[in-house]
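Please keep the model open while going through the points.

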Amino acid sequence: MTFSDLDAGFMRAAIGLGARALGRVWPNPAVGCVIVSPAGEVVGRGFTQDGGRPHAEAIALAQAGERARGATAYVTLEPCAHVGRAGPCSQALIAAGVARVVVPMEDPDPRVDGKGLAALRAAGVAVETGCLAEEAEALNRGFLRRVRTGRPMLTLKIATSIDGRIATGSGESKWITGPRARAEVHLMRARADAVLVGAATARDDDPKLNVRGLGVADADPVRVVVTGSLALPRSSHLGQTARDIPLWLCHHAEAEEGRRSAWEELGAELIQVPFQQDGQLDLSAMMQLLGDRGLTRVLCEGGGRLAGALIEAGLVDELVCYTAGIVIGAEGLPGVGGIGLESLALAPRYRLADVARIGPDTRTRWVRS
């Protein structure tokens, strides 16, 4: 189907609205909606609110009121057809008298999966699909990944020197990249449902893993740590803030009971993950468990060993690499640990999606081929 420039412009505006909900609405999709009167005037705008309700369509329809009658609704994902805490958005659009609905794609959630569009068509609403489908797919890649595979989308962020090092041989890493790159990482955290690190990073860096410097309230992601034995200092920033910002600890069955109870008393949620044959935590199973808890977008920030294990397991959907103009040398710590590669032909390959200059650094984004 061919769409006009106006259609594309309104849908792009809806996608921009939907992006405001990223990291704040899981397990729901981040949806945007723009309602345009027959005269071409925007009469309603909305995006999914914190926690997933109200939906974007409900917000936009409330703004539009009677002006929604005969209007066109641009929605970034098929309007829902199931009854949850509120009525179906497809029925709300019908009741408001909307004449035309434009969407990029159907919602693969089994509770929807074409039912919303079918209801609209049955009520005489003109439905058109495919407008900016690729951009809308990118907006909700995490939601779609979880619906289709059961696990969240995983983005691996690495900040390295030109020669791919994340720290000197002594472990010094603050700061390889500049302030603008670090500010971008906080924006990435705000748009993620959870941020993931390994036990070594949690012990050595004592990170907060919260969102700072953006002036946005309640934007902190869930903090997830892969720590098989739960051997983390409870006096750390993570331990002391476990009741304020959710902290999930992924551990194995043999973690000491005393450590388990101590972390639970601090407010952490414990997630038991099965072993692989090599004795390491099964990261694929771990990602499924995170999906079971509703996460759709996970940002991994380190360290090198965890990064390598996730890549080797085929779990990294997107690599975001910040590169600084310094050289550390072979003594430094590599950004990615061993992945058991025996030949170049077996190397995981990613496609370059975009490149940008961020202050004195560069950012490249790669997606799995």
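1. Is R212 buried, partly exposed or exposed? R212 is partly exposed, since its relative accessibility is 39%; buried means under 20% relative accessible area, exposed over 50%, and partly exposed in between, using a 1.4 Å probe and protein chains only.

2. Some conventions come next. This is a predicted model, in which local features need pLDDT of at least 70 and side-chain atom pairs count only at pLDDT 80 or more, while totals for chains, interfaces and linings use all residues. Residues are numbered from 1 along each chain as its sequence is written, and side-chain values use heavy atoms, with hydrogens and water left out.

3. The unreviewed UniProt entry lists S173, R189, L209, R212 and E301 under "binding site"; such annotations may be inferred rather than shown by experiment. R212 sits in the loop between helix 8 and strand 9, where helices (H or I, at least four residues) and strands (E, at least two) are DSSP runs numbered from the N terminus. Apart from residues up to four places away in sequence, R212 touches H186 and R189, contact meaning heavy atoms within 4.5 Å.

4. L209 lies in the loop between helix 8 (199-205) and strand 9 (222-226). L209 counts as buried because its relative accessible area is 3%. Beyond its neighbours within four places in sequence, its contacts include R189, V197 and L238.

5. The unreviewed UniProt entry also gives "binding site" at H55, C80 and C89. These positions are spread over 35 residues of sequence, yet they cluster in space, with a largest C-alpha distance of 9.2 Å. H55, in the loop between strand 2 (42-47) and helix 2 (56-64), is buried at 15% relative accessible area. Not counting residues up to four places away in sequence, H55 touches N28, T48, C80 and C89. C80 is in the loop between strand 3 (72-75) and helix 3 (89-95) and is buried at 7%.

6. The second largest pocket holds about 970 Å³ of space. A pocket is an open set of points on a 1 Å grid over the protein atoms alone where a 1.4 Å probe fits, with protein on both sides within 12 Å along at least five of seven lines; lining residues have an atom within 4 Å of a point. Among the 30 lining residues, A138, M153, R297, E318 and R365 are closest to its centre. Helix 5 gives the most to this lining, with 5 residues.

7. Where does the second largest pocket lie? It lies between domain 1 (5-142) and domain 2 (150-368), because both give residues to its lining; the domain bounds come from an automatic or database assignment.

Definitions and conventions
Grid points are joined across faces, edges and corners, and a volume is the space filled by probe spheres set on the points.
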